[in-house]
Amino acid sequence: MSQPVWEVFRKERRGQPFEHAGSVVAPDADFAEAWAREQYGRRGESVALWLVPRDAIRDVEDWADEFDLKYRRVDGYSIKARLKEARERAGTAGPG
Amino acid sequence: MAAVEIPRDEQAFLEYVKSGGQVETTDPIPEDYRAKLIKFIEMHGNSELMGVLPEREWILRAPTLQRKLALTAKVQDEVGHAQLIYRVVEDLGKPREQCLADLVDGKAKFHNVFHYPTKTWGDVGVIAWLVDAAAIISQKALLKCSYAPYARIMKKICWEESFHILHGRDVILAMVTGTPEQFELVQEALDRWWGPLMQFHGNPIPKDEDPMYLWRIKSQGNEEARQQFLDGYVPQIRELGLTVPDPRLRKRDDGVWEYTEPDWAELKHVVTGHGPKTEERLAFRRRFLEQEQWVRDAVLAA
Amino acid sequence: MNEQALLGLADDELVLGWRDSEWTGIAPMLEEDVAFSSIAQNEIGHARAVYELIVGPEGDADALAFDRALSEYHCAPLVELHLLEWAHTIARRWLYEVADEIRITALKDDSDPAVAGLAAKIDREEAYHRMHAEMWHERLRDEPRFQKAVEELWPYALGILPAELRGELVARVGHADVDAIERETHTDELAPLWEEMTMVRRSAPAGAQW
């Protein structure tokens, strides 16, 4: 693409993270700022913006998942059956 | 967890989007889907941009400072929407310059309502209240678009459109509680805009024959949208003492609205570039596009 | 500042805001269209604030803004000109912002605290207008049509300010001190603007709500 695209990230309220909001086509950071201020802030919807030239962004999208590394994920733990057994032993199992 | 595999086979892709799957700019998509997406989204962008022209005359004529500000802000939003939308089209592969060139050359379409004249301040109210209401119904049906970048901008667009309806309703209410002449202005504008409003959501092609629905670009059929509009807005119109200019309009016991069949031939005639104001507005846009080319050359040429 | 000069400020902002809002939908690029519209709205907002100050809390700022006869407006010729061409529009924006900054700075020291306070608020919002104008000025300063537009509009720009403040404008812009096109006579471009601006309002009896 020949036109310089600037990605706009906005922070909606103090304490919130920056979120990707969209993009503007601008020749430099000053124009990008002047234009993003209005496109993403004229109705008071942002307290801060980050403007980043699109080609400064490194896109990362895939991970290897060849071996079953369940222990690293929440779905790798199934405690229901054992918890039930433990409660029954302790006499603390509730009705049903 | 493995990344979601976007199906390469067109039929499997159809199933994928049908069950709510979304795609991003970098995902592989069928050519037919890409082409339809560009055409649909481009028409939306064109409509936002052309919609500015009937309204901007009235910015200059606004009868109070508050109305001037509110109307300017509304129209500013429409331009902002065009910017958001053309960016999406550009990332899909069609440059903005090409979209604008096709628009002014009459090669691309925009919604019927923006081919008609505005005649009075009554039109200002009716457009902001009812045309924007019809638009917001269509736009809400795009919030879950299978093409995620478009779905995301729809969120901002819908949020901003909600201000427009408030403004429109306020303009209307001031007039219907004003002088008898002002009330008449609203009724007369409604009489002229009802036809285009009824055509706005398109002819009642069944959902499962509508590619836009099948590809889950939109999540609502044309007739469904129209019924939703009537359900929401006919009561609002009538409670102000205004008359909807369709003697056959009525809500059946089963909840379905009956109405005089819109002139679908007229709709087709208008959107293919033969509306009362089409030529004039495209010429106006072309004039400024050409006149200010030097600015884009000076600023954007790196 | 006396009331006529205050009205002059408000009328300048009203008419320039009106002119700037003519660009809605047809600016050279969409991003600029959005930004420019905010500037136009701010100008109208400033006009409104000054009218409200003049009429007081029980007064009708809209009546002051719109219901005067043509000869009762005190805007300067610079803002009346119909300049629907980008080089001239930006030249005017830039010249106006430099002149207006000088005017507003003086107003921040006004003996009336309400006026001084309002001037400070306007000044803070104008900071963004100045950034915008400076940005375009930087980008276009070597463009012949921009230079030509600044030349043409320069005598009009001087007319924004009272005589005693013009030296400062000459120093900042760096153009020769020429005869200003003064505020007291309107150009013939104001009448059609006024016609269009007031046509809806005049179509109903005075006091009709809109």
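B:R216 sits in the loop that runs between α8 (211-214) and α9 (222-238) of chain B. Helices here are DSSP runs of H or I, at least four residues, and strands are runs of E, at least two, numbered from the N terminus. This is a predicted model, where local features need pLDDT of at least 70, side-chain atom pairs count only at pLDDT 80 or more, and totals for chains, interfaces and linings use all residues. Residues are numbered from 1 along each chain as its sequence is written, while chains are lettered from A and ligands numbered from 1 in the order in which they are written.

Most residues other than glycine have a negative phi. B:R216 is not a glycine, yet its phi is positive, about 55 degrees. B:R216 counts as buried because 21 other C-beta atoms lie within 10 Å (buried means 20 or more, exposed 12 or fewer, partly exposed in between, with C-beta atoms placed from the backbone).

## Where B meets C

This contact draws on 34 residues of chain B and 35 residues of chain C; two residues are in contact if their C-beta atoms, placed from the backbone, lie within 7 Å. On the chain B side, α2 (31-61), α3 (65-92), α7 (180-200), α11 (278-291) and α12 (293-300) each supply at least two residues. The largest share, 13 residues, belongs to α3(B).

## Where C meets A

Here 8 residues of chain C touch 10 residues of chain A. On the chain C side, α2 (30-55) and α6 (113-140) give two or more residues each, and α2(C) gives the most, with 5 residues.
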